[in-house]
Protein chains: 2
Amino acid sequence: MLQEPTSKIPQATTKRLPLYYRFLQNFANAGQKRISSQELSEAMKIDSATIRRDFSHLGALGKKGYGYDVQELLEFFRKTLDQDEATNVALIGVGSLGSAFLKYNFHRNHNTKIILAFDSNSPHEGEKISGIDTYHPDMIEEKIKEYGVEVVILTVPSRSAQEVTDRLAATAIKGILNFTPVRIAVPENIHVQTIDLSVELQTLIYMIKHT
Amino acid sequence: MLQEPTSKIPQATTKRLPLYYRFLQNFANAGQKRISSQELSEAMKIDSATIRRDFSHLGALGKKGYGYDVQELLEFFRKTLDQDEATNVALIGVGSLGSAFLKYNFHRNHNTKIILAFDSNSPHEGEKISGIDTYHPDMIEEKIKEYGVEVVILTVPSRSAQEVTDRLAATAIKGILNFTPVRIAVPENIHVQTIDLSVELQTLIYMIKHT
């Protein structure tokens, strides 16, 4: 049912990829095993012919009267999302969650690597934590530029989240993966993706108790 | 615009809460600031009158011609999701991510607490890690019953994920928050919520490069 992704995916299709991924993940989390282009169309407000065309560009073919296998599609999108050129990532806040991420360092992805970190306990001249150059937050602007960082993982305490974000807004970074429960305010040119672990756990518990 | 959630929310409404939450989180991640009941209706395939009634039960009132503020709704759902009775949570796999969760222990939620952990380096008779009783995985069945655990956070290495899941399937647990990249297979009575941190990062990077 699934082929290798073709290297020439139209730009319009690539732009819709993360959205497809998100919606499919939702359906998967709700326990749905298969999905028709029509169902996705209604959920995403994209017409179903476009969806079928996009999916065929990606090498995913639905079965007539069955639709698409949700998990296969998800697996497929994961692979496609993984084909970008290298991206330099910095982590801010080497507390317990931050140091877990430094150790983990997103192994599965060859193109994405944390190359720089900041922590208020680190010296201005830097030190190595789990093999990663780690500096005092005073060095954020200078080091983000020097290391060519485009994306920041934010694992600082809540009380520092907006202050650090404001300083990041003055750099050339383009995205923040926000693990604080704070609803950080950013300029329009910065993408924010928030993962609130308490909410994830609470949503699961809620589903268990009420469904 | 938002009142305190009323204590008497109809069962049908409560069942839709996690779904509302998920879809709203999607819209928020896509940068959408406000949303009409009509837009939500099209995305979720729930009729808009039902949505407006549900939201009013929750104390959330839209403004005519403006709709609902996405972030206010999210904040509101977070509070409502947080009102359940206490749930006992166990964590399996005290590696770097697992120990971060033990330290973090989902502070914001008064009703949800990790009360038990398992790690292959822990003794059968148990030890304390970050104040939490931690046992060898051989004790999973016995201790999950003894501690009345309903939900498991899975932070084991990928190679052990399905094996541990199979053993959990034989216990009374009802939900797994899965942090492994493995697509674990479970019986129908167990809910799984997967958070793949690599994919979250990769999705953000993809959005930056292609939008």
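These legends go with a set of close-up views of a predicted model.

**View 1. Chain A splits into two domains.** Domain 1 of chain A covers residues 9-79, and domain 2 takes in 85-196.

View 2. Across residues 1-6 of chain A, pLDDT stays under 50. The model still gives this stretch 22 contacts beyond four places in sequence. For chain A as a whole, the average pLDDT is 85, and 91% of the residues score at least 70.

**View 3. B:Glu141 and B:Arg167 bridge two helices of chain B.** Counting over all chains, the structure has eight salt bridges. One of them joins the side chains of B:Glu141 and B:Arg167, with 2.8 Å from N to O. B:Glu141 belongs to helix H6 (residues 140-146) and B:Arg167 to helix H7 (residues 158-169), so this pair links distant parts of the chain, 26 residues apart. How accessible are the two partners? B:Glu141 is partly exposed at 33% relative accessibility, and B:Arg167 is partly exposed too, at 23%.

**View 4. B:Glu146 and B:Lys143 pair up within helix H6 of chain B.** Here the closest N and O atoms of the salt bridge are 3.0 Å apart. The two residues are three apart in helix H6, which means about one helical turn separates B:Glu146 from B:Lys143.

**View 5. B:Lys174 and B:Glu150 connect two loops of chain B.** The side chains of B:Lys174 and B:Glu150 meet in a salt bridge, 3.1 Å from N to O. B:Lys174 lies in the loop between H7 and strand E8 (175-178), and B:Glu150 in the loop between H6 and strand E7 (151-154), so the bridge ties together parts that are 24 residues apart in sequence. B:Lys174 is partly exposed, with a relative accessible area of 36%. B:Glu150 has a relative accessible area of 17%, so this residue counts as buried, the cut-off being under 20%.

Conventions:
Residues numbered from 1 in each chain as written. Chains lettered and ligands numbered in written order. Predicted model: local features only at pLDDT ≥ 70, side-chain atom pairs only at ≥ 80, totals over all residues. Heavy atoms only, no water. Domains from an automatic or database assignment. Salt bridge = Lys/Arg side-chain N within 4 Å of Asp/Glu carboxyl O. Helix = DSSP H or I, 4+ residues; strand = E, 2+ residues; numbered from the N terminus. Buried < 20%, exposed > 50% of the residue type's maximum accessible area, 1.4 Å probe, protein only. pLDDT = per-residue confidence, 0-100. Contact = heavy atoms within 4.5 Å.
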